[in-house]
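Here is a friendly walk through a protein model, from its overall build down to a single side chain. Have a look at the sequence and the structure first, and then read on.

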Amino acid sequence: MFNALVVEKNDEGKTSAAVQEISLDRLPEGDVTVAVEYSTVNYKDGLCIGPGGGLVRNYPHVPGIDFAGTVEASDDARYKPGDKVVLTGWRVGEAYWGGYAQKARVKADWLVPLRSGLDTRQAMAVGTAGFTAMLAVMALEDHGIKDGPVLVTGAAGGVGSVATAILANLGHEVAAVTGRPETADYLASLGATQIVPREDINETTKRPLEAETWGGCVDAVGGEMLARVLGQMKYGASVSAVGLAGGAGLPATVIPFLLRGVNLLGIDSVMQPYDNRVRAWERIAKDLPMDKLEAMIQPATLTDLPDLGRGILKGQVKGRVVVDVNS
């Protein structure tokens, strides 16, 4: 028997989440059984825990879109008991039981061996948000980051925090956008050299082109924010778009793309090819300073998750929430 946060839906369609003791035979089918040590709290987790269940495909359900732990049993030759592994994506925690449990059973193809230099707690301090941030930075690099500040929107959140730390560690000047003035010192500690109030971006004129300002951008917000940023990019600069918190719509024109050659790069962390996942985790171990990683961590337990799920949907969570599923 082991503990898990289980989300259930009643006949009236109302959901509830509570820690339950469940048996190993309730886990879904898979090649590898993992003794989970840590998971995280992401925006999607908040949707899965919240009223109505959001992204959940079936009930009862164990949320948690990522986890790190130790292989306990394996039918796949690539993994043996005792191996440290990490999992992000593949609809785990949405369509498939996820990381908010002390045990998980998954397909071997979904796992990545934990890279040298990271332990399981650090891996989940990075988590899906940090993995996505690294994919976004890699995409900017592949297209060439221009001279000038690199903008990070939603900088106090999970993706934004890690993107800020990575870009600063790589030597870029980082302009961090936030709607919470109280996070300015936190963002500066991650390496941001400029703190940009959110209203300074959103309240600019709605002309399709404005002054060329940013040499690149990791956008973790989307919607109106992304539309405004596109018109402020330098010629040939790129925007890695990773978030939908501001909405799925894009109230923009084609002018930034036609007249400035702006590149809009969509980043999907869910079904990345294995080689790209390995490359991203190797870069994380190399280019994300561990001291800054520690500054992002907020510890949590399984019993904290319902409140944290609601909080992240309201924009009240800063940095990276690391869930110790065994405490």
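## Terms and model

Helices and strands here are DSSP runs, helices of at least four residues and strands of at least two, numbered from the N terminus. Please keep in mind that this is a predicted model.

## The whole protein

By that count, the protein has 10 helices and 15 strands. Its radius of gyration is 20 Å, close to the 20 Å given by the globule rule for 327 residues, so the protein is as compact as a globular protein of that length. Along the principal axes, the C-alpha atoms fill a box of roughly 60 × 45 × 35 Å.

Buried residues make up 56% of the 327. Of the contacts between residues at least 6 apart in sequence, 70% join residues at least 24 apart. The protein exposes about 13,400 Å², and carbon and sulfur atoms supply 50% of that area. As for charge, there are 31 positive and 39 negative side chains, and the centres of the two sets lie 3 Å apart.

Strand 15 covers residues 320–324, and four of its five residues are buried.

Strand 3 (residues 32–40) runs antiparallel to strand 15 and is joined to it by three bridges; here Tyr 38 stands opposite Asp 324. Strand 14 (residues 297–300) runs parallel to strand 15, with four bridges between them, and Pro 299 stands opposite Val 322.

## Helix 10

Which residues of helix 10 are buried? In this helix, residues 305–313, they are Leu 305, Pro 306, Leu 308, Gly 309, Gly 311 and Ile 312. An α-helix has 3.6 residues a turn, so residues three or four places apart point the same way.

The buried residues of helix 10 pack against strand 14 and strand 15, and also against strand 1 (2–9), strand 2 (15–22) and helix 1 (43–49). After helix 10 comes Gly 315, with a positive phi near 75 degrees.

## A closer look at Lys 234

Lys 234 sits in the loop between helix 6 (223–230) and strand 12 (238–241).

Leaving out residues up to four places away in sequence, Lys 234 touches Asp 147, Gly 148, Glu 212, Thr 213, Trp 214, Gly 215, Arg 260 and Val 262. Val 112, on the other hand, is 122 residues from Lys 234 in sequence and 37 Å from it in space, C-alpha to C-alpha.

Notes:
Residues are numbered from 1 along each chain as its sequence is written. This is a predicted model: local features need pLDDT of at least 70, side-chain atom pairs count only at pLDDT 80 or more; totals for chains, interfaces and linings use all residues. Side-chain values use heavy atoms; hydrogens and water are left out. The radius of gyration is taken over C-alpha atoms; the globule rule is 2.2 Å times the number of residues to the power 0.38. Buried means under 20% relative accessible area, exposed over 50%, partly exposed in between (1.4 Å probe, protein chains only). Contact means heavy atoms within 4.5 Å. Accessible areas come from the Shrake-Rupley method with a 1.4 Å probe; for residues, only the protein chains shown count as cover. Lys and Arg count as positive and Asp and Glu as negative; His and the chain ends are not counted. The place of a charge is taken as NZ of Lys, CZ of Arg, CG of Asp or CD of Glu. Two strands pair if DSSP finds at least two bridges between them.
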